[in-house]
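User: I have a model open and would like to go through its contacts piece by piece. Can we start with where the chains meet?

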Amino acid sequence: MTDQAMPADMLLDVRDLRTGFALREGYVRAVDGASFHVRRGETIGVVGESGCGKSITARTILRIAGTSDDSLAGKVIFRRSSGEVTDLLELPHSGREIRRIRGAEIAMIFQEPMTAFSPVHTIGNQIIEAIRLHQSISKEEARTAAVDMLRRVEMSSAEKRIDAYPHQLSGGMRQRAMIAMALVCRPQLLLADEPTTALDVTTQAQILGLIRQLKDDLGMSVMMITHDLGVVAETAQTVAVMYLGKVVEMADVKSLFRDPKHPYTRALLASIPKLGRRAGEPLHPVKGMVPSPFNRPIGCPFHTRCPSAMPGICEKSMPGKTTVAGGHTVSCFLFGEGDKAEEQSA
Amino acid sequence: MAGYVLQRLLLVIPTVFVISIITFVIIQLPPGDFLTSYIATLESGGQVVDQAQIDALRAQYGLGEPVYVQYWKWVVGVLSGDFGHSFQWKRPVVDLIGERMALTIALSVASLLLVWAISLPIGIYSAVRQYSPGDYFFTFISFVGLGVPNFLFALVLMWWAYSQFGMSVGGLFSPQYADAPWSLAKVLDFLSHLWIPAAVLAIGGIAGLIRIMRANLLDELPKLYVTTARAKGMGETSLVLKYPVRVALNPFVSTIGWTLPGLVSGSIIVSVVLNLPTTGPMLLTALQSQDMYLAGAILLMLSILTVIGTLISDVLLAWLDPRIRFN
Amino acid sequence: MNKDKQPSMSRGRMTRRHFTALLSGSVVGTFGLPAFVTKVLAQPTSYNEAPMLAERVSRGELPPVAERLPAEPLVVQPTNEIGVYGGRLAGAGMAPETTNDLQIGQATGLFRFSNDLREIHPDLATGYEFNDDFTECVISLRQGVKWSDGEPFTVDDIIFFFEDWKYNKDLYPATQAVWLLGGDRFGIVKVDDHTIRFTFPQPYPSFSVIHFSGAPTEPYRPAHYLRQFHPKYNPDVEAEAAAAGFNSWQAYFTQMADGDSDSPHYGVSNSDMPVLSPWIPVSGDSQRQQYERNPYYFKVDTEGNQLPYVDYMTVEYTSNAEVMNLKAVSGELSVAGLDIQLLNYPIIRRGEEAGGYTTKLVYSERGSDVCIAFNPLHPDPVLAELYSNVRFRQALSLGINRTEINELVFLGQGTPRQATINETASFFDPKWASHYAEFDLDAANALLDEIGLDQRNGEGVRLRPDGQPLIFQLEYLPQEGPKKEVCELVVKHWQELGLQVDAAARERGYLIQRLDAQEQHATAWHVDRVLERPAYAYSLDGKLGPGGNSIVRYAREWQNWFNSGGERGVEPPQDAKDLRDAYIAWQKTELGSPEYEAAAKRVYDLTAETLYVIGVVGQAPQPVIVRNDIENVFKRDDDARLWWGAANWFWHTLNPEQWFIKS
Amino acid sequence: MTTTSETGTPEAFQPADNGAGKAASYAAASEWRLMWYKFSRHRLAVICGIIVLLLYVVAAFVEFVAPYDPEAQNPASAYQAPTRIHFVDADGQFHLRPFVYGTSSQRNLDTFELEFVEDTSARHHLSLFVQGDDYRLWGLFPSNLHLFGVEDADARVYLLGADRQGRDLLSRIIHGTRLSMSIGLAGVVMSFFIGIVVGGVSGYFGGTIDIVTQRIIEFVRSMPTIPLWLGLAAALPSNWSVMQVYFAITVILSLIGWTGLAQVVRGRALALREEDFIMAARLCGTSRTRIIFKHMVPSFMSHIIAALTLAVPEMIIAETALSFLGLGLRYPAISWGVLLQEAQNLRSVALAPWLLAPGAMVVIAVLALNFLGDGLRDAADPYRR
């Protein structure tokens, strides 16, 4: 296909991804120039407030976002297990090609395992189906594989639970089943869309541990989408911070937490209540509200809420991606106008 | 599951009992009784019937007794399988209903199948391709189907079939087959007559069910489990059919309970217009002439059909939906 | 058998009171020429039978045809030609209990009227004879006639009909008027197996058994069969009735005797009861009734072929009139007349070729296809006085635009006329039909002003003498003819006169209730049985009689007064008493005599003068459809316009037994 | 917010609140304004809404809109086909104003039909605001002005043909609009009231009350309707006028018809009572009635409004069916059902198919109301766009 040169350890390269929805009220730019990449065996955390476009980004990678093809721009370059490199955006969204990738090479798990499973089919049925979609094996073999996978996700009495309906399982169990279904075809990349948000804290830790362990066992990459910086700190090696459809900062997890650059990232980190915080000490939420997607600000999207906004600059144009350290990029005029070498085309 | 079915079955008995009472009361609601309307018929024909004669007849037919006595006698009879004699047809009610039941059911089932066969795929199409020209077209057609009074449609269709194809009109058989034993030719003749009533009966139902299916499916399509299935790499068609359609069928199934008797009683008007040998027109004349044992038996049967239909749909629902089954 | 005792019209014993061809008009006075004597056709010497019966004879299931037929079977001259055996007649009806074309053809009678209803012919009976003062009538039956089960038909069957059924207090606490004379029962004496004598307390020249002959009222039932259901002969019948699911032995008996509405041969309630008619009801359900030829039918054609020609009949019940009409137009019915609507004539005429049938227009035989009667005994005294005022009725009659109604409802083919005797009557006077029947708004308004309705309110509605606006309803039964169509127009015409009147369709039972309670304002129905003979025999109790009948029974209380000799009811005004006296006087004259004509004229003069029943349009034509393969229904090149005469209770005039199906 | 943000549909970006500009007015708008805002974008629904509005305007001014008195009979034009509107006369000349020719009729002596011949000697132009049959608008104001017609009183224009009495069908249809579009409303309103109360109570309280209510609904639903109509109709006082009887029947209909809505409301209420804001209200000690009517009813208002517009066409259809059974409106009332009942015979279908036109009106009204209802439901549903 086109120029898709990609370092060998790179699994997925999202370059200036844009997409949106045409609604009666107007056009919504859900993702507005997001760029990041995922390396093999790496967990990347994608962080942002609700509605910042992180879920849509993940779904657009799988081409199941339900947006129209016209609204797509940019590239999503993926190295398939065959070694072939493909721009996923160029595949027909319901074509055979992308369907072979879905589930088999890139899998996805969701926040609410209750609604993510069909309520009227057993989880076994749904897992077995996932296997048989991509592997031509008999039902019995698929069932064995499914039970194996359920055991791997530490589902107790997996042989019995496989015939359970989703509503018969607890939330944690359902999420385990969900993970089992996603990983049963051994994908290279797991898109985990807030997998633990709906779970209580103990279960949350268990599930995160499970994902981490399976990642290592199976040698896959994980894109961990979350609004919870704690989750990121716990699981990710790299972090991308999204705001209003843009990746505003990307760095490895240590430098991000130690030295956040973008005012938004800083604000986010400041809003986390810290253990040992003195009573009465105020929380520091991010000021203001996320602007309406119909009416996003011109210039830097964050300037309406930014404590360090520079009048006359920030509301005029969009800052480019500036590399501040090795592997640490940020899009903010405080740090420069953007790398000239960047392949920005917008 | 078994417990659930048993529990529902037990509920059937009091329901039917109450329905039988109400049925009987409804039949008795109009002033007078069968003799009143019978004598009115005689008198409008010019015969003069003396009051003494009317009183005697009333006693002979057991119509003079209090309603609860009549009800009791009727119920006792029904429980022992005796549904009484039709005043109007002067024949046992069981025979009358019996000779029309098979065709009534055949017609109902035929139109039910037609309704489902047409409305399901169209409903699915309309939902999946919401706001497409096809969706608008089918929506339009189904509203037209809802709006056209079916008795008028029946008459027009009958006239059209006669004037264009010279088809024999009304009924479910050509005259030469009416009394012939069943044969292939008779079956074909039956089928050639069946389409008009089935189409007329179906048209309103189709429209309604398309709307229901479309709405149900539209509710299901945005659900997360659909996305999950998509993320697994499933093809769109098999995905829609396996997941959201399956779930959308649940509310659909619960309509079976009322569809079955609805096709029997709702077809009364159409059956009258098309002269169909079903229980509908018989019920209508029985009610009009206050032929109470016949009307009562048909009504009771309809009510039982409803209760059974509801039971079936509840059981089906439980079978289809594990959430109900296991709660 | 006492042959010498038997009355007969031949052998010189003829008197003027014998069974004669009393032609109601032209032949009045030419007594002594018995119609059937002149018409008696040579008795064939040998008889033929239908192939399906011959087969059964050869199998030994039936006796040979000669043994099944009477010694002297009735010879019928086929309408056009000798027919061939076989086939099936297809007809349609609305429901078992209402009449239909083929079922009427099933009727039998002691006598039979000619197709033009002017002559009386022998049938099951061979003759009748009155005594000189008409207090006795002797009827002789044809010998050797057999019920359809092979049992002989005798005087016992007539006696059973009267003594054990119609005169039985348990079955009929109140005897039907038609079997009474002035409140008294007939005396009945069995002379021998084939001769019966009726005696009356007073002269009865219009004896119902004779003059209703051929009507649906058949005064006989198979005694040998029905006795098993009668407690007089079977003491266990009460238990048997209960076992069969009946409430009483009476209900059981009535069911087994095939109905209590005097119209037999439906076969619906009991197809096992033997009959005398050309076809036997064999099986029936709620969709159709099947008939099969009667092997014992007592008539033959001029060549000795036992009738009927047609083997089978099917009457299919249709749930509505449109289907029936469409069936006729599509050629599915062999004959159709009764339920065919004149308004459909354009469709019927156009469909002839495709449907393979021919249409003939016959008379509806109704004196007025819609007539209107006001309630002179309305509970509101102001209205009662108004409705009793003949000038009010005259004004309203003048206010009806009959020509418009004729055009819009009867396709211009009816006759705008007052409700009176049919114009074919021998004594007909055209003034009866035209009496206040012209459309004259000015005259109508003048009459209304005259009788104190000259004040109007702001909306132009006339005020009653008490100052209330004059509001009333014209109530009708939307059945048997274009009642709705006519009434809607009549009230429009009346609204022009400043009356606030609406037409209201009523449910049958409810309307009868209102009539019984004497609560109606004005009702609309039709005037039937106004051909000469039925009018003579029946019309004291008919729609034009004092107090009216059926839906136009405008004064039930008068009738109660008359019937109870003044004990109950409301005393009628003098003109109603005069009308009744005129009818009674007429019925006491002998058909065709000079006194008869004078009495009849008096009746219809009074009918016109009193104007209790207002006519609209009458004698409208009735389309009859005959499929082209059915022969002998109508005489070729004959413009006779009579069908079954259902409107006159004179059935079976077209001899359906000699219809046949051309191959 | 979070629950819907993950479904992959546009709702993900529904703002809970936001900054300035157009979106602010959008978000800050009252519920009704919001509905109107969304509704006005549903073009088909707007068109249908206009049609419905037009129908009601016509219904209000039937006497003026109809060219003739709906009861004016004319023996010379029974079953006359729709009058042809000409622009070009018999001589081939074009006229800007449409005109009609007078017709004369003669009876065909073979089929007894009336045959109509156009008299091309005189043109009768159609014009607006002509003087014609006298009437009283709403029974109050006498007038003879009609929206359109021909000036010459002798010539008549039957745009939709004439019926068996030679009455103008168009005028009759127009007059029928008033009854058909209005009479069912009372019944609908009543069944809604019952439905909302019973459904709301059943759904809100749940438990035993819910089970009992469900049984009752199931029971009412299993009552066969036609016998019930017949039985109750026959039991009505017989001195009632046609309109009273019909009104009573619609009330009876509503006594059966409330179950559907009750079930919808119940389902909604069951779901709602688990929702946070109801919980919150409960925790605040708000009374039950207040919760039901102040909090829950508004939140399923959308369904109620939509179901209302959908119930009106059902009433129109039910009216036609009732007319067929002789239970609905009858002469002298004029409604579409009455007109259809008059057309329910062979003569109309075979010889005068234009008499089926009231059926088209029923379809138009049903279509318009249904699409309007759909639009309203979409607009009123906060979860659907």
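User: How many salt bridges are there between chain C and chain B?

Analyst: The count between chain C and chain B is zero. Keep in mind that this is a predicted model.

User: OK, and how many residue pairs are in polar contact between chain C and chain B?

Analyst: Two residue pairs are in polar contact between chain C and chain B, both residues of a pair being at pLDDT 80 or more. Several elements of chain C each supply at least two residues to the side that touches chain B. They are helix 9 (249-256), strand 12 (288-293), strand 14 (312-317), helix 10 (321-329) and helix 19 (508-516).

User: What classes of residue are on that side of chain C?

Analyst: The side of chain C that touches chain B has 20 nonpolar, 21 polar and 15 charged residues.

User: How many residues does each chain put into the contact, and what area do chain C and chain B bury?

Analyst: Chain C gives 56 residues and chain B gives 48 residues. Between them, chain C and chain B bury about 4200 Å², with 52% of it on carbon and sulfur atoms.

User: Now chain B and chain A. What area do they bury?

Analyst: Chain B and chain A bury about 2200 Å² between them, and 64% of that is on carbon and sulfur atoms. In chain B, the residues that lose the most area to chain A are B:L224, B:A231 and B:K232, together 27% of what that side buries. The contact takes 22 residues from chain B and 29 residues from chain A.

User: How many salt bridges does that interface of chain B and chain A have?

Analyst: The rule finds two salt bridges across the interface of chain B and chain A. A:E129 forms a salt bridge with B:K232, and their closest N and O atoms are 2.9 Å apart. B:K232 was also named among the residues of chain B that lose the most area to chain A.

User: And how many residue pairs in polar contact, between chain B and chain A?

Analyst: Nine residue pairs are in polar contact across the interface of chain B and chain A, with both residues at pLDDT 80 or more. On the chain B side, helix 10 (224-231), helix 12 (244-253) and helix 17 (322-325) each supply at least two residues.

User: Which helix of chain B gives the most?

Analyst: Helix 10 of chain B does, with six residues. By class, the side of chain B that touches chain A divides into 10 nonpolar, five polar and seven charged residues.

User: Switching to chain D. What domains does it have?

Analyst: The domain assignment of chain D gives domain 1 (83-163) and domain 2 (172-379). Six residues of domain 1 are in contact with eight residues of domain 2. The two domains of chain D bury about 480 Å² between them, 60% of it on carbon and sulfur atoms.

User: How many salt bridges are there between domain 1 and domain 2 of chain D?

Analyst: The count between those two domains of chain D is one. The side chains of D:D163 and D:R172 meet in a salt bridge, at 3.6 Å from N to O. The side of domain 1 that touches domain 2 has three nonpolar, one polar and two charged residues.

User: Some single residues now. Is C:Q559 buried or exposed?

Analyst: C:Q559 counts as buried because its relative accessibility is 15%, and the cut-off for buried is under 20%. C:Q559 lies in helix 21 (residues 556-563) of chain C.

User: What does C:Q559 touch?

Analyst: Not counting residues up to four places away in sequence, C:Q559 touches C:P546, C:G547, C:G548 and C:R553. The side chain of C:Q559 reaches the backbone oxygen of C:P546 at 3.4 Å.

User: Where is A:S35?

Analyst: A:S35 is in strand 2 (residues 26-39) of chain A. A:S35 is buried, with a relative accessible area of 19%. A polar atom of the side chain of A:S35 lies 2.7 Å from the backbone nitrogen of A:D16. Leaving aside neighbours within four places in sequence, A:S35 is in contact with residues including A:D16, A:V247 and A:K321.

User: Last one: where is A:P297?

Analyst: A:P297 is in the loop between helix 11 (263-270) and strand 11 (322-325) of chain A. A:P297 is buried, at 16% relative accessible area. Residues up to four places away in sequence aside, A:P297 touches A:L244, A:P291, A:H303 and A:T304.

Technical notes:
Residues are numbered from 1 along each chain as its sequence is written. Chains are lettered from A and ligands numbered from 1 in the order in which they are written. This is a predicted model: local features need pLDDT of at least 70, side-chain atom pairs count only at pLDDT 80 or more; totals for chains, interfaces and linings use all residues. Side-chain values use heavy atoms; hydrogens and water are left out. Contact means heavy atoms within 4.5 Å. Buried area is the accessible area (1.4 Å probe) that two parts lose on being put together, summed over both. A salt bridge is a side-chain nitrogen of Lys or Arg within 4 Å of a carboxyl oxygen of Asp or Glu. A polar contact is a pair of N or O atoms within 3.5 Å; within protein, one must be able to donate a hydrogen and the other to accept it, and residues adjacent in sequence count only if both atoms are side-chain atoms. Helices (H or I, at least four residues) and strands (E, at least two) are DSSP runs, numbered from the N terminus. Ala, Val, Leu, Ile, Met, Phe, Trp, Tyr, Cys and Pro count as nonpolar, Asp, Glu, Lys and Arg as charged, and the others, Gly among them, as polar. Domain bounds come from an automatic or database domain assignment. Buried means under 20% relative accessible area, exposed over 50%, partly exposed in between (1.4 Å probe, protein chains only).
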